[in-house]
Amino acid sequence: MAEQFQEPVVEQIYTLNLGPQHPSTHGVLRVLLDLDGEFIVKADPVVGYGHRGHEKMGENRLYKQFIPNNSRVDYLSGMIYNHGFCLAVEKLAGIQVPERAKYIRVICSELNRISSHLLWFGTYVMDLGGFTPFLYAFDDREQILDILDRVSGSRLTYSYCRFGGVTKDVDWQFLDMTASFVKRLRSRWPDYHNLVTKNVIFIHRTRDVGVVTPELARQYGVTGPNLRACGIPFDTRKSEPYEVYDRFDFKVPVGSKGDALDRYNVRVEEMEQSCRIIEQALDQLPKGDFINGDAPFKVKPPKGEVYFAFESARGQTAYYLVSDGSGYAYRCHIRVPSFGNLHVLTEVLKGTLVADAISILGSIDVVIPEIDR
Amino acid sequence: MAKKDEIVQKLRTMLPEDAVSADEAYKAGVVFSVRVPLAKLRDAASAFNEAGFYLESITGLDFKDTAELVYHFNCYEPKSRIAVRVLCGHDQTPKTLVDIFASAEWQEREVRDFFGIRFADNPDMRPLLLPEDADYHPLQKTFGIVHAYHTREEIYG
């Protein structure tokens, strides 16, 4: 009888539902974690809670009516999306943009990129248990919101760009505020580095955690700072320069290992590079029109299509527009960077600790409504 | 040799003469546009994978006479995006690319959500963005408010 006895197979896999309301899931992300003790066996992100049908709306609204939607796809880089959509339509319809408007758009987009990275910086460190840096970051971010509020009248959903330019010219006060903000942010770097970058607890929570290898990044279509952290200097602003980005001297920061610490370092360095772009743009800002007065009121691009890629705060974003010659797009597809950036987590989270999952999730910097669209 | 030229050479041997069209001016945001028959899609994708490209986006287009899948591949070199266009009849099922590009899994689920195109052999075809019990496909031109429903000829003709 003894040989018939079999060891009972003990199933000790425990399923934990992380989110969708958990503060560190940044938006409405839900991750189903299968746990073996403290270790993650399988992670299954569940998205779609914030699906609003932006792509359908893109087909149902005139091109101009779709502008306010853009800032709501990724609410943290609203200006950059707005900018990208206008560029896509301008390319499709062949609308010219005055030089001054180009520079104003670049300045505002880079300010927006810094504000997005600052918010990420604050919330990420707060996820890891540090509350003070959060207040520092939000204090600085508030300055940017004031500057953008001045020109666009809005703090988050800007809708500032129009086909052929921007809604409103910038005044000397805007330029003053921007220049002094850059100076102020530079003076803050030592504080940030002393508080966070050199913090032993922070380094232990991030070094060698959530490593994304270049091959994994390619397989999952990871772009943006997360890709650059694994050592690939790929930035749409450099690879397909749009607007006037080819006139500025800036570096593409890269990491070496692709762990959470590298992603942190790349983003912090990127803020400094954005400051450099803003400074150069302020110096070169030409006089002239802020909007092309001849731009058609009702935009009707000729038949055809355009795939326009640009670099948002989270990575390569693209609008794919198909026009049938009418005022409505036949198809409006948005390629969002967070899609690949989040999908790669299914692979990265395997075999890590639950506590590290929070660190990894934060370091990857996803905006869920962008995925849900 | 740049990766984009390498892959185009390879695709030219694999496909009929007029399948590859170049867009030197980058007018539509792609450097080459390749028409691939449904049966050769996986071969083309494998070639892209071997050449070191990544799958940037999968999306669909709905026409009266047919549906069309548009795959955008890109590599980490300047201006190298290549579009692969696959005609896929309303009743046809394309093969999945999941085992070639991992990122295809979610993107195919999204296309399934929006256009109702099922991908054969994708291990996980649950709705991604729509509710779990959704039985509608919002980007089909027969759903909701639609301003125009064309044949493919009328736009690309």
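Below are questions and answers on a predicted model with chains A and B.

Residues are numbered from 1 along each chain as its sequence is written, while chains are lettered from A and ligands numbered from 1 in the order in which they are written. In this predicted model, local features need pLDDT of at least 70 and side-chain atom pairs count only at pLDDT 80 or more, while totals for chains, interfaces and linings use all residues.

User: How many helices and strands does chain A have?
Analyst: Helices (H or I, at least four residues) and strands (E, at least two) are DSSP runs, numbered from the N terminus. For chain A the count comes to 15 helices and eight strands.

User: What is the radius of gyration of chain A, and what does the globule rule give?
Analyst: The radius is taken over C-alpha atoms, and the rule is 2.2 Å times the number of residues to the power 0.38. Chain A has 373 residues and is as compact as a globular protein of that length, because its radius of gyration is close to the value from the rule.

User: What share of chain A is buried?
Analyst: A residue is buried if 20 or more other C-beta atoms lie within 10 Å of its own, exposed if 12 or fewer, and partly exposed in between; C-beta atoms are placed from the backbone. Of the 373 residues in chain A, the buried share is 52%.

User: Is Asp365(A) buried or exposed?
Analyst: Asp365(A) sits in the loop between helix H14 (354-364) and helix H15 (368-372) of chain A. Its phi is positive, about 55°, although it is not a glycine. It has 27 C-beta neighbours inside 10 Å, so Asp365(A) counts as buried.

User: Where is Ser159(A) found?
Analyst: Ser159(A) is not a glycine, yet its phi is positive, near 50°. It is partly exposed because 18 other C-beta atoms lie within 10 Å. Its place is the loop between helix H5 (132-152) and strand S4 (161-162) of chain A.

User: Which element gives the most to the side of chain B that touches chain A?
Analyst: Two residues are in contact if their C-beta atoms, placed from the backbone, lie within 7 Å. The contact takes 37 residues from chain A and 30 residues from chain B. On the chain B side, strand S3 (54-62) and helix H4 (152-156) each supply at least two residues. The most, six residues, come from S3(B).

User: In S5(B), what is the bridge partner of Val34(B)?
Analyst: Two strands pair if DSSP finds at least two bridges between them. Strand S2 (residues 32-35) and strand S5 (residues 82-88) of chain B pair in the parallel sense over four bridges. The partner of Val34(B) is Val84(B).

User: Which residue in S5(B) does His72(B) stand opposite?
Analyst: S4(B) and S5(B) run antiparallel, joined by seven bridges. Opposite His72(B) stands Ala83(B).
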